[in-house]
Amino acid sequence: RYDTRDSQRNAYSGTAVGGSIDAALAQTDGDVGATYFIFADQVFTVWSLFHDGGTKDEENPPTDTLAFHFESRLSSGDLPFFARPTLGGSEIQRGYIEGRWRDDAVWTAATEYRFWLLPRGFTVWRHIRVERLGAAVFYEIGGVGENGSALFHESLIQSYGVSARVTVERAALFRADFGFSDEGFNFSAGFGLSF
């Protein structure tokens, strides 16, 4: 992994690229099963729409961003169905239910515009404080195939939507995603960014 982002949990700028291999090296029978993963992320700071962006001496000023993501997952050998690469759910292709698309190879690309609506937070109760409230709009495309060479010959899978964001601090971000696709509406929620 190579990572120049200013934060691994809620980046305002930077690049991350990397990959991994997850393999079951010892099996009682069959081929050794493995999954291969590569990804690339790029985050840019953009002009703020609903706030002034804070001050330079502020530790964590409200910062709007434009983020891009690409990933591909391949599998080989003897793996159970549930261990195959998937698209759909709370992380990527959010317009589909969890695991909607599954095969031996998947790829996806996404872009997300993240902006803060309420840049200065408020106290909920005693020492519990919401740092800021925001939203994002996203668009995702991808594909699945029976192997890596078949990936780009299959039809495109697309989803888009909006996301509500709440932070308790910069690293503690909660989101609710409202995704849409040609199969309808999907709601998902999670802790942290999807990419």
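Guide: A network of salt bridges links E91, R94, E112, R114, E140, R165, R175 and D177. The model is predicted.

Visitor: What makes R94 and E112 a salt bridge?

Guide: Their side chains meet with N and O 3.0 Å apart. The cut-off is within 4 Å, for a nitrogen of Lys or Arg and a carboxyl oxygen of Asp or Glu. The pair therefore counts as a salt bridge. R94 sits in the loop between β5 and β6, and E112 in strand β7, 18 residues apart.

Visitor: How do you know whether R94 and E112 are buried or exposed?

Guide: R94 has 0% relative accessibility. E112 has a relative accessible area of 0%. Buried means under 20%. So R94 counts as buried, and so does E112.

Visitor: What makes R175 and E91 a salt bridge?

Guide: The N to O distance is 3.5 Å. The limit is within 4 Å, so the pair qualifies. R175 lies in strand β12, while E91 lies in the loop between β5 (86-87) and β6 (101-102). They are 84 residues apart, so this pair links distant parts of the chain.

Visitor: Why is R175 called buried, and why is E91 called partly exposed?

Guide: R175 has 4% relative accessibility. Buried means under 20%, so R175 is buried. E91 has 40%.

Visitor: What makes R120 and E58 a tie between parts of the chain?

Guide: R120 is in the loop between β7 and β8, and E58 is in the loop between β3 (33-46) and β4 (64-76). Those parts are 62 residues apart in sequence, so the pair ties them together. R120 is partly exposed at 39% relative accessible area. E58 is partly exposed at 24%.

Visitor: What makes up the sheet, and in which order?

Guide: Nine strands form an open sheet. The order is β1-β2-β3-β4-β7-β10-β11-β12-β13, with antiparallel pairing. The protein has 13 strands and zero helices.

Visitor: Why are β1 and β13 called edge strands?

Guide: β1 (2-3) and β13 (184-191) each pair on one side only.

Visitor: How do you know that β7 pairs with β10?

Guide: Pairing takes at least two bridges, and 13 join β7 to β10 (residues 132-145), so they pair. These strands run antiparallel. F115 stands opposite A135 in β10.

Visitor: How many bridges join β12 to β13?

Guide: Eight, where at least two are needed, so β12 (residues 172-181) and β13 pair as well. F180 stands opposite F185 in β13. The two strands form a hairpin with two residues between them.

Visitor: Which residues make the nonpolar surface patch?

Guide: W47, L49, F50, L117, L118, F122, V124, W125 and I128 make a patch of about 980 Å². Two elements give two or more residues: β7 (105-118) and β8 (122-125). β8 gives the most, with three residues.

Key:
Residues are numbered from 1 along each chain as its sequence is written. This is a predicted model: local features need pLDDT of at least 70, side-chain atom pairs count only at pLDDT 80 or more; totals for chains, interfaces and linings use all residues. Side-chain values use heavy atoms; hydrogens and water are left out. Patches are made of residues with over 30% relative accessible area and no salt bridge: like charges are joined within 9 Å, nonpolar side chains (Val, Leu, Ile, Met, Phe, Trp, Tyr) within 5 Å. Accessible areas come from the Shrake-Rupley method with a 1.4 Å probe; for residues, only the protein chains shown count as cover. Helices (H or I, at least four residues) and strands (E, at least two) are DSSP runs, numbered from the N terminus. Buried means under 20% relative accessible area, exposed over 50%, partly exposed in between (1.4 Å probe, protein chains only).
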